[in-house]
Amino acid sequence: MKELSLLEKAPRPLRSIAEKVFDGNRISEEEGLLLYKEGELGFLGILANHVREKKNGNYAYFNRNVHIEPTNLCVFDCKFCSYSRMLKQKTDSDAWEMTDVQMLEAVKNHNQNITEVHIVGGVHPKMDLYYFAALLKQIKSFRPDLHIKAFTAVEIDYMSRKAKVSYVAGLKILKDHGLDSIPGGGAEIFDSEIRKKICEDKCTAEEWLSIHQSAHEIGIQSNATILYGHIESFEHRIDHMEKLRKLQDQTGGFNCFIPLKFRNSNNQMSAIAEVSTIEDLRNYAISRIYLDNFPHLKAYWPMIGKNTAQLSLQFGVDDLDGTINDSTKIYSMAGAEDQNPSLSTEQLVDLIKQAGRTPAERDTLYNIIRTYEREEV
Ligand code: V47
Ligand code: SF4
């Protein structure tokens, strides 16, 4: 086997990690760290591809979704955020605040083919638990079958505190009004020292994990992210994934892991250089190897760019998120190449086929709606 001869050339400690991975065994934190420090891209790619194909075959998933960002006014001050405007600078011409009517219109203006609406934005005191519960209800009465994936743990923490209810009670209210799952944002880096430096005023790692645990316990599935490539070390990345792996062992409620590359335009951390594409691919591969209990690994193409997203399909990634639309601002304001991110289904299918994978259109919970095996869209 070609792969085996490549692996035989690897130094002994890396070879024993490879054997573990091929035997389907979990690697330790020390071994994860060794992969970050010494694993070459080609070596990592072989291992990650093995895990990816064992879990997801040749499929590369995508869905048809729309992103709604209700506001970029935010009470918090994350140093990496290019998108938020502090509430006190409300007159800033870049600031926006959508009304519930406008958000409902945004859903209505999309064709019936979308299967998911993703709602994430700044944390605005006026948009509280009951405001969003009412919005969810309106969306569901318009399209009961539309999956609503909404609110990061940061937003849920703020809304629940303001309403003076527990996380479980807050989540139950949202669920009863139509919330189906929660996205992975707000995780950033769990290490408390790094968190203090980059986003000290929002929910802690423990609170983030507790919200996802509570969600899983009441039947709400979720995703998890990591914001990498700034002031964190490889140790911090492993520590972050270890905490997620432990929670997933307990609950099984995570669907996918989404590494988010730090983009450095227009924020308070702009002096920090962005990491290379090679580091992006190494990070995807190590995430895939380390998080053996996460079913899926997503490359969020509006952030990483279409070319790297395509390459990532050979480095552990099996999901490219959705067709999206052109209203997502989080990354365009942070310096992503694509200022109006949207891909038609045809373009996404072509991009996946060119990478040698089989496009599989999915719903939010990864049930396959259809595959594109032949020359069809
Ligand atoms: O938590 C903000 C990140 C996240 C920057 O669950 C930045 O399917 C890089 O979580 N450079 C929000 N990243 C977006 C998010 C998400 C996106 C797509 C799909 C899903 C999902 C979740 O955006 C924040 C933060 O980590 N972010 N600023 C920046 N300058
Ligand atoms: Fe607010 Fe989220 Fe930006 Fe932090 S990352 S400032 S919580 S919008």
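**Exercise 1.** How do the residues of the shell around ligand 1 divide into nonpolar, polar and charged?

*Solution.* The model is a predicted one, in which local features need pLDDT of at least 70, side-chain atom pairs count only at pLDDT 80 or more, and totals for chains, interfaces and linings use all residues. Residues are numbered from 1 along each chain as its sequence is written, chains are lettered from A and ligands numbered from 1 in the order in which they are written, and side-chain values use heavy atoms, with hydrogens and water left out.

Step 1. Ligand 1 is surrounded by 25 residues (each with a heavy atom within 4 Å of the ligand).

Step 2. Sorting this shell gives eleven nonpolar, eight polar and six charged residues. Here Ala, Val, Leu, Ile, Met, Phe, Trp, Tyr, Cys and Pro count as nonpolar, Asp, Glu, Lys and Arg as charged, and the others, Gly among them, as polar.

**Exercise 2.** Locate the salt bridge between D157 and R161 and state how exposed each partner is.

*Solution.* Step 1. The two side chains meet at 2.9 Å, N to O. A salt bridge requires a side-chain nitrogen of Lys or Arg within 4 Å of a carboxyl oxygen of Asp or Glu.

Step 1. Both residues belong to helix α7 (residues 153–163), four residues apart, about one turn of the helix. Helices (H or I, at least four residues) and strands (E, at least two) are DSSP runs numbered from the N terminus.

Step 2. D157 is buried at 5% relative accessible area, whereas R161 is partly exposed at 47%. Buried means under 20%, exposed over 50%, and partly exposed in between (1.4 Å probe, protein chains only).

**Exercise 3.** Which parts of the chain does the pair E97 and K126 link?

*Solution.* Step 1. The side chains of E97 and K126 form a salt bridge of 2.7 Å, N to O.

Step 1. E97 lies in the loop between β4 (85–86) and α5 (100–108), and K126 in the loop between β5 (116–119) and α6 (129–142), so the pair links distant parts of the chain, 29 residues apart.
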